[in-house]
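User: Hi! I'm new to this structure. Could you walk me through it?
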Amino acid sequence: MRIPSPFLSCLGLALAICLILPGCKTNSNPSPAGALPPKAADRGRLAEADAIIAAQTRIMEQDDRNADAYYLRGMAYVQKELYDKAKEDFDQAVTMNPRHWAAILNRGVIEGVRGFNDAAIKDLNMAIIINDAHAEAFFNRGLILGQMGYYRRALEDLNQAIVLNPKYAKAYTYRGRLWMLENEFAQALSDFDRSLEYNPGNTPALFHRALALEALGQDDQAIESLAKTISAEPSHARAYYHRGLLLSKTGNFNSALKDLDHAVKLDPNFSRAFYARGLVNARLENYAAAKADYSDALKILHLARHLSDSLLQKFLETNPWVPDALYHRALAYRASAEYDKAMTDIRKAIELAPDEAPYRELMTRLEQDRQNTRKSPGR
């Protein structure tokens, strides 16, 4: 049984929007949200943002060349996730003051959020030229370089962010994730531990620490770290998923099934979790449930229906478990004597992964099954 690797996950981004008031210098990591319940906190932030927008707009009516007013209104638009409006205001601030470091920095950040990586890097380069003593500029440039696949350059930037702010928990977390992508799992674990030292409630560090531990063969410690992740964030579907994978590796299939149930309830589009649950159900000989799970997992195949060969290859690189899901559904169909359905699945699996010997072996067995069925008395 081939189970998806629990430590292969994309880098992901959590860019640090950095509110710098005019004339203020800081190297500190932005403070986390306060203790208000999330919805109340969101309402409070949005109301505050609306008040700032109104106040800065009044200032502009009196002085339409006030770069700081445009900058502060732009930051309020960021709070409301109105990034196009924020960029317009940052553009105005930079036009009026070409060395408005905070406007350039945060314009780069939102360009990264909007997916315009080249524009983001250009702005962050300029921000660093103007002020190379600020950790957030290096942090954000490192994240974007990592997203673009320039892992070594990204590591250099995160190293510098940590030099500037040795207690920068988020920088340790993302540097650890880069080490994971470089298969340097011991260094990744060290960074996650440092991140948790400075921010014990750092859920991303707890979660990725578990993946590093699993990669190092320390499954029990990985399960413990995932338990802490789930305790800190009960809606963390991927923590349940990865713990389910680890529990299934140890043969604890009933507990694994419970975790995978949680994962798909929390994220009904979590294809890999449906596939993993199908594998567990098959081991428990719940073949009807396994077939249903594989079918839910394979709904993702509709995304690949009309892809070119090159795009299909990228799809399979992102979802390498898909041919195996077809193979295992074919096994489940065979177990219930649904040979035609099994043959359809295994042919598709071979089409997607022609070099997999077990797939061809199963097709041979299925052909024999169908021949034996035709020869059976009463047929």
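Analyst: Happy to! A nonpolar core is a set of buried Ala, Val, Leu, Ile, Met, Phe, Trp, Tyr and Cys residues joined through side-chain atoms within 4.5 Å. Buried means under 20% relative accessible area, exposed over 50%, and partly exposed in between (1.4 Å probe, protein chains only). This is a predicted model, where local features need pLDDT of at least 70, side-chain atom pairs count only at pLDDT 80 or more, and totals for chains, interfaces and linings use all residues. Residues are numbered from 1 along each chain as its sequence is written, and side-chain values use heavy atoms, with hydrogens and water left out.

User: Which residues touch the most other members of the largest nonpolar core?
Analyst: Those are Tyr71, Phe90, Phe139, Tyr241, Val322 and Ile346, out of 109 residues in that core. Its largest share, nine residues, comes from helix H2 (residues 67-79). Helices here are DSSP runs (H or I, at least four residues), numbered from the N terminus.

User: New topic: is Thr229 buried or exposed?
Analyst: Thr229 counts as buried, because its relative accessibility is 0%. This residue is found in helix H11 (residues 219-232).

User: And what is Thr229 in contact with?
Analyst: Leaving aside neighbours within four places in sequence, Thr229 is in contact (heavy atoms within 4.5 Å) with Thr203, Leu206, Phe207, His236 and Ala239.

User: Which residues in H5 meet H6?
Analyst: Asn117, Ala120, Ile121, Leu124, Asn125 and Ile128 do; among their H6 partners are Phe138 and Arg141.

Note on methods: Helix = DSSP H or I, 4+ residues; strand = E, 2+ residues; numbered from the N terminus.
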